[in-house]
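Here are my notes from going through this one, as numbered points. Have a look at the structure first, then read on.

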Amino acid sequence: MKRKLWQSILLYATVIVACAVVLFPVYWMVVTSLQPPGSLRAYPPHFLPPDPQWQTYIRLFIETDILRWMANSAIVAVTATGISMVAAVLAGYSLSRYQTKSSENVGLFILMSKMLPATMLIIPLFGIMRSLGLMGSLWSLIFAHATAIVPFATWMLKGYFDSIPNELEQAAQVDGCTPWGALFRVILPVAAPGLAATSLYGFVLSWADYLFARTFLANNADSWTVNLGIATFKGEYQTDWNLVMAASLLAALPIMIAYLFLQRFLVGGMTAGAGK
Amino acid sequence: MADIQIQNLNKRYGSFQALHDMSLDVKDGEFIVFVGPSGCGKSTALKILAGLEAASTGSIIIGGEDVTELAPAKRDIAMVFQNYALYPHLTVRQNIGFGLMMRGTDKKQINQRVERAAQALEISDLLERRPKALSGGQRQRVALGRAIVREPQVFLMDEPLSNLDAALRVQMRAEITALQRRIGVTTIYVTHDQTEAMTMADRIVIMRKGVVQQIGSPDALFNRPANMFVAGFIGSPAMNFLRGKVQRDDRGLFADAGGLRLPVVEAAASYLGKTVICGIRPESLDLARGDAPALEITPTLVESLGTEAYVHFKLPGQQVATAVAGEHEHQPLGNGTLIARLYDVGTPLSGGTIRLGLKPQASVHLFDPATEQAIS
């Protein structure tokens, strides 16, 4: 069907406005990071910095531990996502395939645990981490993030597994697979888009966390994650907003890159999980 | 290739009994069709044979070995599923060769056997495609390829043609039958379509509510149905059922059904003076000639198919509403409508009254009204 000219104009205008709304904060983050602190509150504001301060980024690498913080964040996010995916794949698969009287209740219980706000979980988790001697260790954050990722990941994956017909693993079993073999050789490859989407969700959830990191790691500067580190830039009397924005931009980069690489899976994954 | 013995098979899901004491001996190389309406237990029986469901009690012996407790992989069977169940992440070549790969066959041999199977099914040019790039008919062939390449002892097929359009279904039906005859593998095929059952089977097992109703050749089921359910299920359009009173005159034993004189077997003598149910196939009726006893009917609908016409009519007080009708998808108007299948009618039939009689050689099936079992 051919679009009329006014329809095309309306369509593109809508897309441009939507992109502008979404991308303006990122653009403003870049602009702020390149301006000297003095001109941040200039009126009228500079939409293009007259004298870009590239040395802010050099300062970031020399004067702060941003690289270590990012490495810590990456270790926590990758490990927490990995542990969560193993648990969620098995839980989601069994909830999808092995229907018992209790499975529905177990499923709802798992979902309900996700409905509890993080601030409610933090006190019992604090007690557990302290008694395990994990305070200040990255493991405390890894386990805490896993408790947050597993419930949602289980439900997301259950949806993907539900959309895969039972006959696929039955065919695999007739063809010579054990039930485990059918899961690993057939079901998981077929659910790859769902696994990618769920992993990315888990990774973002862990990478973006501040509350758990602040609670468990604040006393050990070596274990700080990137969000915790950036928060220390905020001084009592003065804050280097250009430094904060430069660090934030760096912190956002891994997520943006992950989305770019996985967007093909994400779109496929969403539709694969949506219907039969 | 192997024979199969199914002995006293039962399957319960909680309080629901899906399969009642099923027993069957399948000869080596035989083509058996399980047929029946939805929920009759035919697919459950097939899944138990495949090892995908556990039997509650009973045993299954394939080629002399008791496989009741064995995993599907250890039964040396191949199965074709209703939705084909092709692995979407693998190419056609990998799909067909998957079972061989799982059994540790070497790569060169897998390739040779996959190509031989593909050639037999005329899908050689599709080997590098993925299932999503195939049509329904092509997917069906790949599913068959996956089954035949392993050269198993038994083929199990679960309604493999039900997702195809009518023309392709007829073609694939003939191809599957020819393939089975050529390679001679013992085959158990499940369908709800009695036409498929009649055209493909050496023997048919007809089931209802988890109970085997009759086992026999297509001819035996059509000509000597064991009960009203079998009589109504096999044949399209379905058999008509009328009430008739058994009487005797100087020409012998007969049933009087609404003025129609239906000659009946001598075995019905014990029902003399009693009402029985008379089953008449639609093709056994014809326009009455002369002043022979006949049914005076007013057609409610006439479907003309060119060489034949289906005349629908009602006989208040005479016809029998059976449970069969509701379960039979070929029953055109559900309960209460009778059908005559007339050939070479000539003049248009709609409108006025017509007289229907029984063809000279036509057989009448008699059933006990209480038990619904055939009287013979």
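This is a predicted model: local features need pLDDT of at least 70, side-chain atom pairs count only at pLDDT 80 or more; totals for chains, interfaces and linings use all residues.

1. The three-stranded sheet in chain B. With that pairing rule in hand, β17, β18 and β19 of chain B make an open sheet in that order, and the pairing is antiparallel. The edges are β17 (301-304) and β19 (338-343), each with a single partner strand, so each has one side left without a neighbour in the sheet. On average, neighbouring strands here are turned by 20 degrees against each other, direction ignored. If you want a place to start looking, β18 (residues 308-313) is joined to β19(B) by six bridges, running antiparallel, and H312(B) sits opposite I339(B) in β19(B).

2. The five-stranded sheet in chain B. This open sheet, too, pairs in the antiparallel sense, and its order is β13-β12-β11-β14-β21. Which strands stand at the edges? They are β13 (260-263) and β21 (365-367) of chain B; each has a single partner strand, so one side of each lacks a neighbour in the sheet. Inside the order, β11 (residues 240-249) and β14 (residues 275-280) of chain B pair antiparallel over six bridges, with L242(B) opposite C278(B) in β14(B).

3. Strands β9 (residues 203-208) and β10 (residues 211-216) of chain B are antiparallel partners over five bridges. V205(B) faces I215(B) in β10(B) across the pair. The hairpin has two residues between the strands, and K209(B) takes a positive phi near 50 degrees.

4. Two more backbone spots to check. Most residues other than glycine have a negative phi, and most peptide bonds are trans. D21(B), in strand β2 (residues 16-26) of chain B, has a positive phi near 45 degrees. The peptide bond from S236(B) to P237(B) is cis, with omega near 0 degrees; P237(B) belongs to the loop between α8 and β11 of chain B.

5. How chain B divides. The domain assignment gives domain 1 (4-230) and domain 2 (232-367), and their C-alpha centres lie 37 Å apart. Where they touch, domain 1 of chain B and domain 2 of chain B contribute 12 residues each. On the domain 1 side, α6 (194-200), α7 (218-223) and α8 (228-233) of chain B each supply at least two residues. By class, that side has nine nonpolar, three polar and no charged residues. For the record, an unreviewed UniProt entry places "domain: ABC transporter" at residues 4-234 of chain B; over that span the chain is 36% helix and 26% strand, with its end C-alpha atoms 25 Å apart.

6. Where the chains meet. How many residues does each chain bring to the contact? Chain B brings 17 and chain A brings 13. From chain B, β6 (77-80) and α2 (92-102) each supply at least two residues of the side that touches chain A. The makeup of that side of chain B is 13 nonpolar, three polar and one charged.

7. Chain A and its annotations. An unreviewed UniProt entry puts "domain: ABC transmembrane type-1" at residues 70-262 of chain A, and the model has that span as 80% helix and 0% strand, with the end C-alpha atoms 21 Å apart. The "transmembrane region" annotation, also from an unreviewed UniProt entry, covers several stretches of chain A, among them 105-126 and 182-204. Residues 105-126 of chain A are 91% helix and 0% strand, with end C-alpha atoms 28 Å apart. For residues 182-204 of chain A the values are 96% helix, 0% strand and 30 Å.

8. One helix pair in chain A. The axes of α3 (residues 66-97) and α6 (residues 138-162) of chain A come within 6 Å and cross at roughly 35 degrees, and the crossing of α3(A) with α6(A) is right-handed. Their contact is made up of 20 nonpolar, eight polar and three charged residues.

Conventions. Residues are numbered from 1 along each chain as its sequence is written. Chains are lettered from A and ligands numbered from 1 in the order in which they are written. Domain bounds come from an automatic or database domain assignment. Two residues are in contact if their C-beta atoms, placed from the backbone, lie within 7 Å. Helices (H or I, at least four residues) and strands (E, at least two) are DSSP runs, numbered from the N terminus. Ala, Val, Leu, Ile, Met, Phe, Trp, Tyr, Cys and Pro count as nonpolar, Asp, Glu, Lys and Arg as charged, and the others, Gly among them, as polar. UniProt positions are given in the numbering used here, feature names are shortened, and annotations may be inferred rather than shown by experiment. Axes are lines fitted to C-alpha atoms, for helices over the stretch in contact, and angles run from 0 to 180 degrees between N-to-C directions. A crossing is left-handed if the near helix is turned anticlockwise from the far one by less than a right angle, and right-handed if clockwise. Two strands pair if DSSP finds at least two bridges between them.
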